[in-house]
Amino acid sequence: MMKWNFPSNNYGEVNGIGQAGIETFKGTPYKSLAREICQNSLDARAYADKPVMIEFSDSRLCMEEIPDFQKLKQALELCRDFWKKQKNKKTIDFFEKAVLEASKETVSVLRISDSNTIGLTGSDQDYNTPWQNLVKASGVSDKGENSGGSFGIGKSAAYACSVFRTVFYATKDENGLEASQGVARLVSFIPEISDSDQDADCITTGIGYCGEPHRNRAVSECISLDHQFKRTEAGTDVYILGFMNKKGWEYDIVSSVLDDFLIAVFYGTLLVKIGNVTISKKTLPDIVEKYRDSAPMAYNYYQTLVSGEARTIEHHFENLGDIELHVLIQCGLHRRVFMSRSNGMKVFDQKNFPSSIQFAGICILKDSGINSYFREMENPQHSAWEPERHSKPAEAKKYRQALLRFIKETVLSLGRKTAVAEIDAQGVGDFLPDDITEDAGSNRKEALSDKTKSIDLSLSEAKNIQKGWETVMKKEGSDHIDDFGEVLEEEYGDSGSKDYSNGNETGLKQGTNYGGGDGSGPGKNGDGPNRYDSGMPETNESEIVRTRYEIHTIAVRLILKDASCNRYKLIFIPEKTAGRGYLQIKLSGEQSSFDVNINSAFNCMTSEKMDVSRNKIFLSNIIKNNRMIVEFEVDYSERSSMEARLYGYKI
């Protein structure tokens, strides 16, 4: 039988709740889980002519069906009691919830199983094998140069999704060897509490193992914690005990697979099942369309893969190996490049391209040499290239900038040759000849007709257009270098609008939203027929804005945070200091702007609810050059471009 054992720390380190690996993934637990699981399974692919298959399936188990669960529950209670004496609120709160969940009759379990993999080999050895590195090692990875993981912390993503921080592993490897073991990454505690003082030697490391208590080894059996599943072929199963199955977790995992593994799915390397949803090469067109709002990046990149207008460029880069670049120039695309490893996993989205060219791109590092070189630059989350991490940082920085510059130059070259906007004027075809040739005949005559022909005008469906721009301020004596190794002066933003002006009365170029305002305003001398009412909440309705002035912003980012509740995040930097002020939010139309009612607003910097009235969010303590982050929900369900203007005022 499998038994829990929590080894002593032997007068060593006492471990608390803030374990770095788990904390790394807590912000985006489901996205991180999907990313790490799919990466590990792709790294263990068995046959190149079949896709790696991964299944996510949740269920509930009775407590007695879980190996030695009462011992685990006791450990959770001891953790709570030990840290109550230390008065550590964060730890106490965590284990109060864990003990409450462990007291229920059933527990939620998420099973993640793969196939067409070689499984976790080396379960019969004590160290430095795939099994031991996953189950019992920290910060260790033995993966090859084309593999995804390289830091050995990806395993922590599963623990970040468990209310017990407990995971069971089971495998049947390519040689037929079976193994199962549970691991709980808790906190240090005293195993047994008595009235007498405990010897410090009794304090545990906080990590427990469920298996053979002798030497904390795995049992030689591939157990199943799911009534509907029994492994018959090589592969690995991960069971997350006490799975935090918050509403919408399936949606997040589907979106993550589309965002991070679109290339692997498209080329038939990966197939993922999440509940009743199957993401495969066959179903990809429908899935991308269905999840268009939650995974807009994937939708844009998918057009690059399937459009006949896309260009594919193969390039040998700096003697490191070949890359493959796909570029689609098309109106409405998001101006990003999917930077992918050879296995089809995204590292990051490269942005900051000129807004005059609307496109989407995919860059795949094809060869093992270039994969290995750039992987050495990756951060632990595998979401960025950071040259300082490389063994040759100066050279790595040069190669990184050279690769990104090649992509930028290719996009610019293709963009100059491509017409990105075509307009179909409905009804005009009625007045054009069916056939236009150079030899139209010699008997042509010019004449005016007094006959009138009716023209039907119809409006096509309005489409959202990203507007606005932003200026990156270049301070005297300093250099702002972009990803491409170039000095920044004026850069185009991702979305939203910009209210920075150059002081000229004539305004700037079209699309900057320069000028305008809220009507005629109060005038210089205060009272008048157009006195401006602040629109303050009812509690402050007696306060009237006598003077308002626009506070320009150095940079603005507007991000759709949650489409289901119309929630947006606005990040901006004021150019001036003001005691009081407000943000004015408007829907940005092609010809004019429209007010939008704001339901609620939240200051992300102070964690405080903010006063709102109609389309205004009221602020206090606006400080020059200090970044401000505001989340707000609007009473408008359609996705739309928005303008955000910042004003200071006096009462």
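**Figure 1. The contact between helix α7 and helix α9.** Leu258, Asp259, Leu262, Ile263 and Phe266 of α7 are in contact (heavy atoms within 4.5 Å) with Met297, Ala298, Tyr301, Tyr302, Leu305 and Val306 of α9. By class, ten of the residues in the contact of α7 with α9 are nonpolar, none is polar and one is charged. Here Ala, Val, Leu, Ile, Met, Phe, Trp, Tyr, Cys and Pro count as nonpolar, Asp, Glu, Lys and Arg as charged, and the others, Gly among them, as polar. This is a predicted model, in which local features need pLDDT of at least 70 and side-chain atom pairs count only at pLDDT 80 or more, while totals for chains, interfaces and linings use all residues. Residues are numbered from 1 along each chain as its sequence is written, and side-chain values use heavy atoms, with hydrogens and water left out.

**Figure 2. The packing angle of α7 and α9.** Helix α7 covers residues 249-266 and helix α9 covers residues 296-306; they pack at an angle of about 20°, with their axes 9 Å apart. That angle makes α7 roughly parallel to α9. Angles under 35 degrees count as roughly parallel, over 145 as roughly antiparallel, 65 to 115 as roughly perpendicular and the rest as oblique. An axis is a line fitted to C-alpha atoms, for helices over the stretch in contact, and angles run from 0 to 180 degrees between N-to-C directions. The crossing of α7 and α9 is right-handed. A crossing is right-handed if the near helix is turned clockwise from the far one by less than a right angle, and left-handed if anticlockwise.

Figure 3. Helices (H or I, at least four residues) and strands (E, at least two) are DSSP runs, numbered from the N terminus. Helix α2 has 15 residues, 29-43, and at 1.5 Å a residue it should span 21 Å; its end C-alpha atoms are 21 Å apart, which agrees. The expected span is 1.5 Å times one less than the number of residues. Eleven of the 15 residues of α2 are buried, so the helix is mostly covered (buried means under 20% relative accessible area, exposed over 50%, partly exposed in between, with a 1.4 Å probe and protein chains only). The buried residues of α2 include Tyr30, Leu33, Ile37 and Leu42.

**Figure 4. The crossing of α2 and α7.** The axes of these two helices, α2 and α7, come within 8 Å and cross at roughly 45°. The helices α2 and α7 are therefore oblique to each other. Their crossing, that of α2 and α7, is right-handed. On the α2 side the contact is made by Tyr30, Lys31, Ala34, Arg35, Cys38, Gln39 and Leu42, and among their partners in α7 are Trp249, Asp252, Ile253 and Phe261. By class, the contact of α2 with α7 has nine nonpolar, two polar and five charged residues.

**Figure 5. Helix α4 and its neighbours.** The 14 residues of helix α4, 89-102, should span 20 Å at 1.5 Å a residue, and the end C-alpha atoms are 20 Å apart, which agrees. Thr91, Ile92, Phe94, Phe95, Ala98, Val99, Glu101 and Ala102 are the buried residues of α4. These buried residues of α4 pack against β2 (52-62), α3 (69-86) and β4 (162-172).

**Figure 6. Two loop residues with positive phi.** Asp68 lies in the loop between β2 and α3. Although Asp68 is not a glycine, its phi is positive, at about 50°. With 22% relative accessibility, Asp68 counts as partly exposed. Arg215 is in the loop between β6 (207-211) and β7 (235-243). The phi of Arg215 is near 65°, again a positive value in a residue other than glycine. Arg215 counts as partly exposed at 49% relative accessibility.

Figure 7. Gly369 is in helix α10, residues 368-375, and counts as partly exposed at 34% relative accessibility. Gly369 and Asn319 are 50 residues apart along the chain, with 8.9 Å between their C-alpha atoms. Lys609 is in strand β23, residues 608-610, and counts as exposed at 73% relative accessibility. Leaving out residues up to four places away in sequence, Lys609 touches Ala601 and Phe602.
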